[in-house]
Amino acid sequence: MEPVAIVTGATRGIGQAVVRELSRHGLSCIAVGSSWDSARRVAPGSHLHFTTHSQRHTALAVDLAQWPQWTRGTRSRAFVGAVRTTARRGRFSLFPRARRGQDAQYVNLLVNCAGVTQRALSVNTPAEVAQRIVNVNLMSMFTLCNVATKHMIRAGRRRGSSLLEVTPSPCIINVSSLLGETGHALPGTSVYAATKAAITQYTAAIAQETATWGVRALSIAPGVVSDTDMVRGLDQAAREQLVQALMGLPECTTEDIARQVWSMYEGESQSGSL
Ligand code: NDP
């Protein structure tokens with residue numbers, strides 16, 4: 001059986017660097033983007049590597065803003081297949097299904113990286129915009145963590161081994177933000193920061209629950225990641241304010257975060273800031 005990583009937000013920025021790093025280390029990846037167009041841009045080289053013969057990668061389009069509709073899998077379009085083969089649209093399953101007698105894939109890592117930010121003070125943020133931020137950053141992450149945990153437990157039972165014996169053990173990594181941590185409040189980020197604070201606390205709580213089944217739940221809280229659309233989209237003043245609010249912490253790169261994610265999965269590091 002083949003271990004697989006599901007990474008949301010994998011079409012650009014941090015998520016793109018994460019799937020590149022994971023696939024470089026031999027993991028098969030399911031790269032999730034918000035739309036058919038962005039999923040189609042997931043490609044070998046820029047996003048994914050093939051370093052072993054058994055690696056199979058898939059790119060999927062799931063609009064996480066459409067929570068909870070997307071969880072029913074009826075309205076979303078999907079792009080399924082090894083990225084080297086022809087794309088097709090249709091019904092999809094985010095988690096690979098076990099097929100009798102086949103060399104099934106099983107999800108051993110989930111990285112919840114998809115995120116949308118805020119560009120206005122709370123009083124100027126329409127309810128629809130707040131809803132979108134909450135659906136993508138938080139509600140979709142809840143659902144994915146729950147489905148992944150059940151999938152990881154079932155996969156362990158099918159293999160007939162205790163999850164505690166699998167190396168690296170099944171793992172969920174949720175991407176939070178320093179803006180969600182106490183002492184880093186910044187005007188214009190209220191809803192975004194609230195979702196990120198919730199991610200950190202939610203992850204700490206489920207870590208206690210999933211440990212029973214040998215599933216690790218960790219979070220990572222990056223500061224400013226300079227080579228992303230999220231930060232490139234800021235004007236100079238906002239960017240300086242952000243760096244200052246984060247107490248002059250040095251900016252890091254998507255590759256730094258990707259290496260941190262790999263090292264967390266391998267078991268070398270725990271939840272933390274970067
Ligand atoms: P980018 O803006 O570069 O990329 C965002 C990713 O999220 C894209 O892959 C995008 O897919 C996906 N996404 C957005 N909306 C949806 C949606 N409705 N459904 C599905 N996927 C969606 O972001 P970053 O790489 O900068 O950020 C990644 C994560 O890291 C976020 O959670 C962010 O909050 C967090 N973070 C970022 C920091 C930074 O400085 N950049 C600092 C701290 C945390 P598509 O291409 O299809 O739009």
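Tutor: Helices (H or I, at least four residues) and strands (E, at least two) are DSSP runs, numbered from the N terminus. This model is predicted: local features need pLDDT of at least 70, side-chain atom pairs count only at pLDDT 80 or more, and totals for chains, interfaces and linings use all residues. Residues are numbered from 1 along each chain as its sequence is written.

Student: How many helices and strands does the protein chain have?

Tutor: There are eight helices and seven strands.

Student: Where does Gly33 lie?

Tutor: Gly33 belongs to strand β2, residues 28–33.

Student: Why does Gly33 count as buried?

Tutor: Start with the rule. A residue is buried if 20 or more other C-beta atoms lie within 10 Å of its own, exposed if 12 or fewer, and partly exposed in between; C-beta atoms are placed from the backbone. Gly33 has 27 C-beta neighbours inside 10 Å, so it passes and is buried.

Student: What does Gly33 touch?

Tutor: Two residues are in contact if their C-beta atoms, placed from the backbone, lie within 7 Å. Leaving out residues up to four places away in sequence, Gly33 touches Ala10, Thr11, Ser38, Ala39, Val42, Ala59 and Ala61. Gly15 is 18 residues from Gly33 along the chain, and their C-alpha atoms are separated by 9.5 Å.

Student: What makes β1 largely enclosed by the rest of the structure?

Tutor: Count its buried residues. Strand β1 (residues 2–8) has seven residues, and five of them are buried, so the strand is largely enclosed.

Student: How many bridges join β1 to β2?

Tutor: Five, and these strands run parallel too. Thr8 stands opposite Val32 in β2. The chain gets from β1 to β2 through α1, and this β-α-β crossover is right-handed.

Student: What makes a crossover right-handed?

Tutor: Look with the strands pointing away from you. If the path from the first strand over the helix to the second runs clockwise, the crossover is right-handed. β5, α5 and β6 also make a right-handed β-α-β unit.

Student: Why is β5 called mostly covered?

Tutor: Five of its five residues are buried. Cys171, Ile173 and Val175 point one way, while Ile172 and Asn174 point the other way, and all are buried.

Student: Which strands pair with β5?

Tutor: Strand β4 (residues 105–112) pairs with β5 in the parallel sense over four bridges. Here Leu109 stands opposite Cys171 in β5. β6 pairs with β5 in the parallel sense over five bridges. There Val175 stands opposite Ile220 in β6.

Student: How do you know that the length of helix α5 agrees with what it should span?

Tutor: The expected span of a helix is 1.5 Å times one less than its number of residues. Helix α5 (residues 190–210) has 21 residues, so it should span 30 Å. Its end C-alpha atoms are 30 Å apart, which agrees.

Student: Which residues of α5 are buried?

Tutor: They are Val191, Tyr192, Ala193, Thr195, Lys196, Ile199, Thr203 and Thr210. What covers them includes α4 (127–159), β5 (171–175) and β6 (216–221).

Student: Why does Ile199 count as buried?

Tutor: Ile199 has 25 C-beta neighbours inside 10 Å, so it counts as buried. Its contacts, beyond residues up to four places away in sequence, are Leu138, Met141, Asn174, Ser176, Gly180 and Ser219. Ile199 and Ile220 are 21 residues apart in sequence, and their C-alpha atoms are 9.6 Å apart.

Student: How many residues surround the ligand?

Tutor: A residue is near a molecule if its C-beta atom, placed from the backbone, lies within 6 Å of it. For the ligand, 30 residues surround it; the closest are Gly9, Gly13, Ser38, Gly115 and Thr228. The elements giving two or more residues to this shell are α1 (13–24) and α6 (229–232).

Student: What makes up that shell by class?

Tutor: Ala, Val, Leu, Ile, Met, Phe, Trp, Tyr, Cys and Pro count as nonpolar, Asp, Glu, Lys and Arg as charged, and the others, Gly among them, as polar. The shell has 15 nonpolar, twelve polar and three charged residues.

Student: What is omega for the cis peptide bond from Trp67 to Pro68?

Tutor: Omega is near 5° for this cis bond. Pro68 lies in the loop between β3 (58–61) and α3 (69–72).

Definitions and conventions. Pairing = 2+ DSSP bridges.
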